[in-house]
Amino acid sequence: MANRRAFKYMIGGFLLVLIDIHNFDILPDPLGYMMIASGIHQIGARQPNAFKAEITAYLLMALSVPTLFLSSQLLNPMQINSTGWLVYGLSVTITNLILMYFVFRMLIHEVEYPIETAEKQNRSRKLMIVYMAISLSSAFIQPFLFHMKQDIQSTIAMTTIVLTLAVHIAFIVHLRTLQKTFPIDLEKGYPIESPN
């Protein structure tokens, strides 16, 4: 059953993945994906979309292991100059999109919100459309950037980075809003005292 703690794990996990701090060798991406998987499991372990999202998060945890050993300054040139690393980067991007698809479907169809269920579902559905449109467009544009003029390439790259970052932040804020829907008492789970 969904509760505040489950959303807390998901929010923390997505923040770790979003913030590029693996250059400092602390709080790496695999930990973020493990937290995401844990939160998803608590929300809907027996639901089909939640189960697929959890499995995808664990797959991304495995795929992100190279970030433990290579910084983004090394990975980015390698992905450009090496076909193998280009395929790796594309695989991570596509798997991330699959994860987000199942997470959104879980939030829309499989989470029982204490109040305003229809409103929460509609907001998740609208954000899903915007998120997937921007993410798919960004992923589609990336391979063609290398064949463009430098100034056009820089403009498009900066625009996609800003839009992608904005939609990721919007998603995390949305998770925080959904988290506040659930009472704090559900998270603590204090035992009920029997009357004397």
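View 1. Partly exposed sits between buried (under 20% relative accessible area) and exposed (over 50%), using a 1.4 Å probe on protein chains only. This is a predicted model, where local features need pLDDT of at least 70, side-chain atom pairs count only at pLDDT 80 or more, and totals for chains, interfaces and linings use all residues. Residues are numbered from 1 along each chain as its sequence is written, and side-chain values use heavy atoms, with hydrogens and water left out.

**View 2. Glu-119 and its partner Arg-123 in a salt bridge.** The N to O distance here is 2.6 Å; the cut-off is a side-chain nitrogen of Lys or Arg within 4 Å of a carboxyl oxygen of Asp or Glu. Searching the whole structure turns up 1 salt bridge. Both residues belong to helix H6 (residues 117–145), 4 residues apart, or about one turn. Helices are DSSP runs (H or I, at least four residues), numbered from the N terminus. Arg-123 is partly exposed too, at 41% relative accessibility.

**View 3. Phe-14 against Phe-171, an edge-to-face pair.** The count of aromatic pairs comes to 7. Rings of Phe, Tyr and Trp (its six-membered ring) pair if their centres lie within 6.5 Å, with planes under 30 degrees apart stacked, over 60 edge-to-face and the rest tilted. For Phe-14 and Phe-171, the centres are 5.0 Å apart and the planes are at 85 degrees, so the pair is edge-to-face. Phe-14 is in helix H1 (residues 4–18) and Phe-171 in helix H7 (residues 150–179), so the pair ties together parts 157 residues apart in sequence. Phe-14 is buried at 9% relative accessible area, and Phe-171 is buried at 1%.

**View 4. A cluster of rings around the pair.** Ring pairs join Phe-14, Phe-104, Tyr-131 and Phe-171 into a cluster.

Definitions and conventions: Helix = DSSP H or I, 4+ residues; strand = E, 2+ residues; numbered from the N terminus.
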